[in-house]
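This briefing covers selected side-chain contacts. The sequence and structure come first, then the points by topic.

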Amino acid sequence: PYYDTGSDLPDREKQERLCKYVSGVHVDYSGFYGPNGDCPAAAILPLTNQRSPVKSEINSMVADGGTNIHGGTIWGWRVLSPGSPFTEGRDYDTATYKVIIMMTDGENTFYPDGSMNGSSLYSAYGFLYNNRLGSMSDSTSTLQAEMDTKTLATCTNAKNEGVEIYTIGLQPPNTKTQTMLTNCATDASHAYFPSDPSQLDSVFSDIATKISKLRLAQ
């Protein structure tokens, strides 16, 4: 949405006017609108060896919005990396074991529409109009394929840095997403597809056992 001043400005210029974010001037809309509309309210928790803040963050999570597996994966990698914006991660060339556990209960999603922005929500890639996804197609399947490609590229780049990746597809998503998750994982034995949430305890227990064995061996 944009703030309409009543002038005869083109829609694109109205869309890009910053005054719509000024308190007392903008029009109130319900739902997720604007650059920060679908951003989580809580900041990402940096690496820590304290159990309490981790459990607190998990318990406070609320499922909302669409599914962006790529976004979750790349931020997970950023937390592990030694560079900004998170600097808690050790350098890659040290004796450090870095692990990503990527879990999803759905497929990558994008919401194209017929508006001038090309999409109904301002996502991590902006609007479709911003052309940051690699395609300007109005086909949902094409845009989801672009997101899958970016997700797999992120996994490949992280693995090339020595990061071990486990993937979990809860209540297995469609075949193409299962294939992407399997390819994202370090190998097929690192990919899990539980059919029910009750199976997650055994999945995480199995992953924890594998991680512990590797740490003891190294």
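A charge sits over a ring if NZ of Lys or CZ of Arg is within 6 Å of the ring centre and within 35 degrees of the ring normal. This is a predicted model, in which local features need pLDDT of at least 70 and side-chain atom pairs count only at pLDDT 80 or more, while totals for chains, interfaces and linings use all residues. Residues are numbered from 1 along each chain as its sequence is written, and side-chain values use heavy atoms, with hydrogens and water left out.

**Charges over rings**
- Arg78 has its charged end over the ring of Trp75, 4.4 Å from the ring centre.
- The charged end of Lys98 lies over the ring of Tyr92, at 5.3 Å from its centre.

**Aromatic pair**
- The structure holds one aromatic pair (ring centres of Phe, Tyr or Trp, the latter by its six-membered ring, within 6.5 Å; planes under 30 degrees apart are stacked, over 60 edge-to-face, the rest tilted).
- Trp75 and Phe86 form this edge-to-face pair, with 6.3 Å centre to centre and 90 degrees between the planes.
- Trp75 is partly exposed at 35% relative accessible area, whereas Phe86 is buried at 10% (buried is under 20%, exposed over 50%, partly exposed in between; 1.4 Å probe, protein chains only).

**Disulfide**
- There is one disulfide (a pair of cysteine sulfur atoms within 2.5 Å).
- Cys155 is joined to Cys184, S to S 2.3 Å.
- The torsion about their S-S bond is about 90 degrees, so the disulfide is right-handed.
- Both Cys155 and Cys184 are buried.
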